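Please keep the sequence and the 3D view open while reading.

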Amino acid sequence: MSQPIKMKPRLVDKIEYWLPKVVMSPTVFLTMVFIYGFIIWTTVLSFTKSRILPVYDFVGFQQYVKLFLNDRWMLALKNLAIFGILFIVICLFVGLLLAILLDQKIRAEGFIRTVYLYPMALSFIVTGTVWKWLLNPTVGIERFVQSLGFESFSFDWLVNPDMAIYTIVIAGVWQSSGFVMALFLAGLRGVDNSIIKAAQIDGASMVTIYSRIIIPSLRPVFFSAIIMLAHIAIKSFDLIVALTGGGPGNSTDVPAIFMYQFSFTRSQMGVGAASAVVMLMGIIAILVPFLYSELRATKNV
Amino acid sequence: MKFSKSILGLAIAGAMSVSAVQAGEVEVLHWWTSGSEARSIAVLKQMVEAEGHTWKDFAVAGGAGENAYTVLRSRAVSGNPPASAQIKGLEIQEWGDLGFLANLDDVAAANHWDDVLPPVVAKVMKNDGHYVAAPVNVHRVNWLWANPEVFKKAGAKVPTSLDELWVAADKIKAAGYTAIAHGGQPWQDATTFESIVLAVGGSDFFDKVFVKLDQKALGSDTMKESFDQFRKVKQYIDAGSPGRDWNVATAMVIKGEAGMQFMGDWAKGEFTAANKAPGKDFICAAFPGTDGEFTFNIDSLAMFKQKNADNAEAQKVMAKLILSPKFQETFNLNKGSIPVRIDQDMSPFDSCAEASMKTFIATSKAGKGLEPSMAHGMSTTSTVQGAMYDVITEFFNSDMSSEDAVKKLTRSVKAAM
């Protein structure tokens with residue numbers, strides 16, 4: 001007699017146990033194949049002789065040797081370092097500054113917040129195109145200021161091979177700092193007011209309160225912001241293609257553009273795959289220690 | 001749909017009383033998507049359909065065909081390539097070596113391709129001695145496009161040598177115009193550079209450097225001299241040139257903001273679209289110092305092996321039609337290029353095309369001076385071409401010395417071979 005009573009909950013249990021797994025499994029499967037599977041495939045290709053099409057003729061580390069003997073690749077890495085560091089640091093600084101200023105209970109905060117956040121709604125292609133016109137010496141800012149009467153004014157970074165990479169930082173910061181501001185603003189609003197009140201009673205100035213109490217307590221926000229910005233920087237492709245196309249010359253080449261060109265337009269899939277693997281290794285080398293230290297720190301708290 | 005179409009095709013074939021011919025389907029991957037280009041390829045579609053076969057258009061828009069090329073590769077990898085694809089230059093050989101391309105020797109023999117095509121062109125269309133692709137047009141790359149109005153105002157004359165070029169450029173610059181309209185993209189830098197190499201070293205040298213990739217020639221003083229001359233171009237271009245598209249540069253010449261442009265004859269399409277007449281509103285001349293020489297850029301349709309016999313038959317019909325004088329005429333009138341057949345009637349074409357054809361025939365008969373363009377992927381694989389692009393564009397956009405450029409070029413070509 002007891003059996004049918006037991007049967008029912010067991011079935012429900014089973015459904016409860018299996019339903020989420022069944023529902024999630026297509027996603028898991030797709031992710032496994034299209035992310036991790038392709039990572040493995042790319043890695044395999046980087047050890048082959050592949051040119052136009054994938055072939056499985058293994059040549060060891062030859063493609064990596066070719067890659068690192070290529071001047072353009074080294075230039076691309078250097079550019080990524082310049083762009084990545086400046087982009088992350090300036091975005092954090094500008095975003096934090098804007099957030100702190102907005103946090104002063106100013107009027108029309110909602111409106112101003114939208115104004116700063118809005119660039120994030122544009123794609124990098126649009127940002128790149130707009131800045132391309134603004135920075136073009138024959139139609140943009142330089143021409144405008146000269147037409148105001150400052151004949152000697154010169155702002156030709158976009159066409160100067162030594163400076164072009166910095167113009168990309170300008171456009172990138174313009175696009176992304178509003179987003180960083182939004183992150184920080186949320187963080188600032190989450191800081192416990194009573195701590196600030198207590199500090200004020202102790203006679204601490206606003207500067208001290210921000211630098212000693214509020215900003216250090218934003219550590220998790222810094223963490224998320226840096227992760228977001230770092231991956232935008234490393235995969236940066238569209239912004240640069242729209243803004244400079246990698247030029248003048250190869251002066252704004254970055255690894256993503258290098259990878260695309262070698263794999264898809266220059267019939268050197270092996271070298272392209274090797275460069276993709278090196279990019280992945282770069283991300284892992286930066287993120288894993290960072291993640292590790294951050295996650296351990298939060299566990300200890 | 002497909003079924004009823006092939007029935008219709010059969011009916012037409014039957015009506016035309018072509019007894020043994022079965023209707024097949026040709027799928028053509030191309031990136032002729034702009035107005036004049038789409039009109040040009042539509043002619044081929046009509047001709048194929050008039051023969052009773054079906055045409056499946058597989059147009060992928062986007063620049064120099066990078067998007068289309070990526071699609072093609074995924075189709076090829078999955079074992080389902082289209083009947084035909086717009087592949088050019090040495091890429092044809094690479095696909096042929098991988099065993100994807102169909103043999104067109106019987107079509108070629110029946111239609112005397114060997115007689116109507118210059119040997120240099122035929123060589124590009126062959127893999128391992130067999131025809132695998134059909135050429136649709138010839139572009140001449142070493143052109144100089146000039147605005148006569150600007151030249152008149154500056155008191156300059158159209159240059160015929162590099163020395164005269166710099167004299168004319170100085171005058172135009174002094175008169176307050178941009179002397180040379182240039183788009184600072186790697187392929188445009190390379191286009192200008194290869195014309196200069198041709199002017200400095202002549203066609204034999206050009207052949208050694210860009211076709212045979214001769215290390216000694218690449219490292220020679222002539223090459224250094226070419227880089228020196230190339231550097232001079234920089235004094236005459238405007239600050240806005242980096243990243244500029246070629247047609248925007250052409251527009252500068254059309255509007256009279258700039259004196260001249262170095263570009264292949266696709267630039268003519270821009271002039272005619274702006275209702276300008278050759279000889280009157282614009283001048284087409286050989287790149288200074290390369291008169292009587294011809295660097296070519298040929299578009300072609302390579303044919304992929306087909307599993308279905310009817311489709312293979314349709315493919316051969318299409319290959320035959322591509323080289324027919326009628327298609328060559330209509331296509332090239334629309335596209336601005338010249339036909340590949342040396343026996344083509346040139347009367348419907350304009351004076352620039354006629355001049356181009358004259359040089360094309362003369363150089364192919366002489367067996368000298370008809371050279372594949374490096375900048376447009378005719379002379380080398382895309383790997384070597386890319387290595388050359390990198391050095392040329394880096395030289396042009398930095399203060400690298402000509403000695404270093406030559407060394408770098410030699411080394412990176414060797415690494416890419």
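In chain A, 25 residues are in contact with 28 residues of chain B, where contact means heavy atoms within 4.5 Å. The model is predicted, so local features need pLDDT of at least 70 and side-chain atom pairs count only at pLDDT 80 or more, while totals for chains, interfaces and linings use all residues. Residues are numbered from 1 along each chain as its sequence is written, chains are lettered from A and ligands numbered from 1 in the order in which they are written, and side-chain values use heavy atoms, with hydrogens and water left out.

The two chains, A and B, bury about 2,200 Å² between them, 53% of it on carbon and sulfur atoms; buried area is the accessible area (1.4 Å probe) that two parts lose on being put together, summed over both. On the chain A side, Ile52(A), Leu53(A) and Arg266(A) lose the most area to chain B, together 29% of what that side buries.

The rule finds 5 salt bridges across the interface of chain A and chain B, a salt bridge being a side-chain nitrogen of Lys or Arg within 4 Å of a carboxyl oxygen of Asp or Glu. Arg51(A) and Glu94(B) form a salt bridge, with the closest N and O atoms 3.6 Å apart.

Helix 3 (71-102) and helix 12 (255-265) of chain A each supply at least two residues of the side that touches chain B; helices are DSSP runs (H or I, at least four residues), numbered from the N terminus. Helix 12 of chain A gives the largest share of that side, 5 residues.

What describes a pair of aromatic rings? The distance of the centres and the angle of the planes do. Over all chains, the structure holds 35 aromatic pairs. Rings of Phe, Tyr and Trp (its six-membered ring) pair if their centres lie within 6.5 Å; planes under 30 degrees apart count as stacked, over 60 as edge-to-face and the rest as tilted. Phe34(A) and Phe38(A) form an edge-to-face pair, 5.5 Å centre to centre with 85° between the planes. These two residues are 4 apart in helix 1 (residues 2-45) of chain A, so about one helical turn separates Phe34(A) from Phe38(A).

The rings of Phe184(A) and Phe222(A) have centres 4.9 Å apart and planes at 65°, so this pair is edge-to-face. Phe184(A) lies in helix 7 (residues 164-189) and Phe222(A) in helix 10 (residues 219-234) of chain A, 38 residues apart, and the pair links distant parts of the chain. Phe184(A) is buried at 0% relative accessible area, whereas Phe222(A) is partly exposed at 22% (buried means under 20%, exposed over 50%, partly exposed in between; 1.4 Å probe, protein chains only).
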